[in-house]
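The entries follow the order in which I looked things up.

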Amino acid sequence: MELPGLPIKKTLALALFAALACFPGCLRNSGYPSRPVTIICPWAVGGGTDAVARLMAKLLQDEMGAPVSVVNRTGGGGVTGHTAGAKAPPDGYTVLMITVEIAMMHHRGLTDIGPEDFEPVKLINRDAAAVFVRTEAPWRTLAELEQFVREHPGRLRASGTALGGIWHLACTSALLAMGLEAEAIRWVPSEGSGPARQELLSGGVEVVFCSLSEGKAQMEAARIRSLGVMAERRLEIFPEIPTFKEQGVDWTLEGWRGLALPRGTPPEIVQRFEAFVAKAVSGAEFVEFMGRGGYDARVENSQEFARTFERDDRVLGELLRQSKILGGGRGDEPGPWFFPALLLGGLALAISSLILKRLARPAAAESRSPLAQAASRPAGAWLLFGEVLAAVLVYILLSEPLGFLLTAALLLLDLFRRLRTGWLASCLATLLLVPGAYLLFAKLMRVPLPSGLIPW
Amino acid sequence: MTPYFENILAALQEASGKVFSPSVLGIIALSGIYGLFVGAVPGLTATMAVALIIPFTFFMDPAAALAAIVTLEAMAIFAGDIPSTLIRIPGTPSSAAYTGDAYALMQRGEGSRSLGVSLVFSVCGGLFGGLALIVAAPSLARIAFWFTTYEYFWLAILGLSSSVIVSQGPLGKGLFSLLLGLFISTIGFDEVHGKARMTLGISDLAGGINFIPAMIGLFGLSEVLRNVLRREAEAAANAKDRGQVFQGTLSLLKRRFAHFLRSAGIGTVIGILPGAGADIAAWVSFAASKKFSRNPDQYGKGSLEGISDATSANNAALGGAWVPALVFGIPGDSVTAIVIGVLMMKGLQPNPQIFEKQRSLIYSIYLVFILANLLLLPLGYLAIRAGRRIVQIPRGILLPAILLCCIVGSYAIDSSLFGVGVMLAFGITGFLLERGGFPVGPVVLGLVLGPQVEKNFMFSMIKSGGDPIEFFSRPVAGSLGLLTILLWTAPLFLAALRSWRTRLEGKGI
C-alpha cells in the first residue's frame, strides 16, 4: 500500500491539509459574527438559568446568523462558570449568562472575579425570592410564620440553595427586616432549589426560599404554598401571591440573570451584540416562553444593567456582612477537612495492609509481577506508549492556537505512521476521521471545538 | 360499558392517533437514531442530547416533544453498551458498572453475544420501567417522599459498598480504588463550608473533577496504552468474533426471568428516587446480581449474568424517573428535570391530576414508552451490526482513532481542555492501577457518589444540629443503615462461623 518517493507523499499530505483548510471555510462571512458563538452557563442542565440560556441561544442564532451554543460550566457554587466567562477572549464570541451570584462570590472570598470583570450587555429576567411552606403547614400568612419564629427562634429549618447563595441571603435578610436574628431560622444548605423542595415535601425542612418560577410545579400540584414574594409589587404571572410589603414587611430581594461579555471587548462589538440581544428579546417567542416558564421577564439595557450590577454588589455585600454568612458552616457539622482526612487515613490503611500482605508472600508476588513481564517488552513499545501520552499533551497545548482540525490531523497522521499504517491508508483515514469528528461534534452536537486558525 | 371506560378508550384512541401519526413516528425514528449515536459516542450523554433538542420542542406538539425525549433516552442508555463492549469506553456513565465484563467477553470473541444480551435485556428493562409508570405511577411516586438527606446518605453508602463487593480481585484492592475515587471527589469547592479544597488556585479545579473525562481516561485511554505495549500477535488473537448477536439470548432470558424481575425492580425504584439515576441503578443491580449468583467468581471477568442484570436495571430506571416527575414535578434524574420544563412550557402542570386532566397526553407517553423500547430492538440490532465492524479495523488505524475519540469525548462535556487534561491524568492512573491489579470501576463510583455521601452527611448533621441519632431513628434510614452494616459484617460473621465449625470438626465432635 505504501507509495514510494517523497514528492507523492508530500503532495498527498499537502493536499490533505489543503482540503482540511477549505472544508470548514465555505460558509465564512466577514464582520461580527463570522464564527460560532458560545454562551457559558454557570449552572447545570435542567435548571432555570440553563433553560433561559438555551432559549437565548436559539433566538440569538436566528438573529446573528451564526451558530450559538450553550456550554454548562458548573461547579464551585457558580465560581467555575463565571470565571470561565470573565477569562474568555474578549472578542464577542464567548458570552456569559451571568447571574446575581457574581455580586456575592467575591464578598465571600471565593474568587477575585467581580462585576468589574464584565461588560454588562442585557439583563434578561428577575427572580424575586419567595417563601414556601408545605400545604398542610399551620402558617397561613407571613405574619403567622413570623410569630412562630419569634416565639421559637432556631426551631424551624429552611433550605433553598447552597450556603451563602442568593436564597440563603433572602432568608437571613428577610429575618433581619422583620427585626429577628439572622439565624432565627436554621439554614440547611442544599444542591439547589429542586432538592430543597423535595426535602420540604419529605419533611426534612419546614420552609423553602426560592423563586416562584422554581416552586411553580409543586404549587400547582397543591403540595406547597407560598406565603409571600419579596418583590416591589405582585408578579403578573403569579397575581395571587402577596408581596412582603403588603404584609407589612418592607423588604425586597431579587435574583437576576443577564448576558455579559468579558471586560475589554471592543465597544463596537458590545454594541452590535446588544443590538442582536435587543431584537431577540423583543420577539413574541421570548415573551411567550418566559411567561409560560413563570420567569419574570424584565429586560434592562446595558446602562441600566450596569447600575443594577453596581447597586446589588453594594447591597448584597452589606447584607452578607450583616447576616454573618461570610464565614463557613454553623459548626454543628464536622469541618471541611473531615472527609478528605478520613479518606486519606483510609487510603493509608489500605496501602499498608496491602504492603503487609505482599511482604508475607514475597515469592508468589515476585513470580507474577507485572513489572517483570513489562520489562520484556521491546523498547519501541514503550516509546510508542510515551508518544500516545505526548499526543494528548500536544493536543492540549496546540489545539487552541492551531484549531481542532489541524491539530487532530497532525496527531492522527503521526500515530498512524508510527503504528506502521501505509501512507495512503493513513491519509484516507485522517481525511475521514477528522472532518467526520468535526461534523458530528461541532455541527450536530453543537460542541464548540477549538477553532484556532480556521474560524468556522 | 361504563362512562369511565368510555373516557379511557376515547383518550387511548386520541393518544394513538397522535403517536401513530406520520410526523410523530418520523420524530420517534429520528430521535431514535440520534439517541443511538449520542449514546455510542463516549463523552456525549443523554442529558446533553435532550438539552440540545429543547429549543426544537418549543414548536412541537407536547406529545411529539415527549416522544422525542423518551425515545432518545432509551436508545442512548442501551447504545452506551456498544463502545463499552467494543473499545472498553462506556458510552454513557450508566454502562460503567459492567464495562469490564462486556469487554472481557469481547476479547474472548463473544462481543456479539454480549451486545445481544445487552440489547434484549435493555428492551425488557425499558418495558418493565414503562409498565411500572403506566400501572402504578401515582402510588409509586410516594417513595420519593420517604427520602431525605439521611436516607440518601445511606443509599450512597450502600452504592459504595456494592462496588467493593463486585470488584474483582482481593477486597483490599477494591477498597483502595474506591477510597482513591472518593478522595479525588473531595477536590474542589466545598459548598457546605464555602471553602476551596486542594484547588491550588486553579479555577477549573474549583468545579471539581468531572467523572466523565475521568471515566474515559480510566477505561479508554488506559486500554489504548495497554494496547500499544501489546505485541501484534497477541492483539490479533482476540479480534475474531465468533458469536451471533442473539445466540442463546432468549434462553438466558427464560432462565433468568426471576433475576430479571429483581434487577428491573431495583432499577425502577432507584429511578424513582430523585438524585439517583440509571448509573447508580446499574451498580446496585450488578452487586445484587453477584450476591445472588451461583457463579460470583465470573463477575468482573465476563459474566453475562451480571451484564444482563445491570443493563436491565439502567433501562428500567428511565421509566422510574418519570414517575415523580409527572406526579409531583420532582425530577427523578437530570433528563426528567428537563421534561418538567418542557411540560410547563406547554402549559401542562405535572401533578396527580394530570393523569385525569391530560389523559390523552399521558396515554401517548405510555404508548411511546412501549413503542420506543420495541423500536430499540431492530435499531439496536443494526447499531450492533455496524459497530461490530470496528473490531475488523486494523489496529494501526483503530488505536489512534480511539485516542481521538477519548480526546474529543473528554472535551465535549464542558468544552474545556481541562477535561482532556483530566482524561490524560486518569488514563495514566488507570494504567498504573490495573498493572498493580487494582480495579478501576470503584474509582469511577467513588467520584460519582463521593459528593453525595459527603453532602448528605453534612446536610443531615446541620439539620439535626450535630446529632447523628436520626441516621438510625427514621424508619427508612434505619433499615438502609442496618442493611449496609449487615452487608459489611456478614462476611465476618460467616468467616467466624466457619472457623468455629472447623474447630469443632477438628476436635472430632
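A salt bridge here is a side-chain nitrogen of Lys or Arg within 4 Å of a carboxyl oxygen of Asp or Glu. The model is predicted.

Entry 1, chain B. I looked up the domains and found domain 1 (3-473) and domain 2 (474-509). Their C-alpha centres lie 33 Å apart. In the contact I found 17 residues of domain 1 of chain B and 12 residues of domain 2 of chain B. The two domains bury about 1,300 Å², and carbon and sulfur atoms give 73% of that area. On the domain 1 side, Glu151(B), Trp154(B) and Leu158(B) supply 37% of the buried area, more than any other three residues.

I noted 1 salt bridge between domain 1 and domain 2 of chain B. Arg474(B) and Glu151(B) form a salt bridge through their side chains, at 2.9 Å from N to O. I then checked which elements give two or more residues to the domain 1 side, and they are helix H8 (149-166) and helix H23 (470-473) of chain B. H8(B) gives the most, with 9 residues. By class, I wrote down 12 nonpolar, 3 polar and 2 charged residues for that side.

I looked up domain 1 and domain 3 of chain A, which bury about 610 Å² between them, 64% of it on carbon and sulfur atoms. In domain 1 of chain A, Arg35(A), Pro67(A) and Ser69(A) lose the most area to domain 3, together 61% of what that side buries.

Key:
Residues are numbered from 1 along each chain as its sequence is written. Chains are lettered from A and ligands numbered from 1 in the order in which they are written. This is a predicted model: local features need pLDDT of at least 70, side-chain atom pairs count only at pLDDT 80 or more; totals for chains, interfaces and linings use all residues. Side-chain values use heavy atoms; hydrogens and water are left out. Buried area is the accessible area (1.4 Å probe) that two parts lose on being put together, summed over both. Domain bounds come from an automatic or database domain assignment. Contact means heavy atoms within 4.5 Å. Helices (H or I, at least four residues) and strands (E, at least two) are DSSP runs, numbered from the N terminus. Ala, Val, Leu, Ile, Met, Phe, Trp, Tyr, Cys and Pro count as nonpolar, Asp, Glu, Lys and Arg as charged, and the others, Gly among them, as polar.
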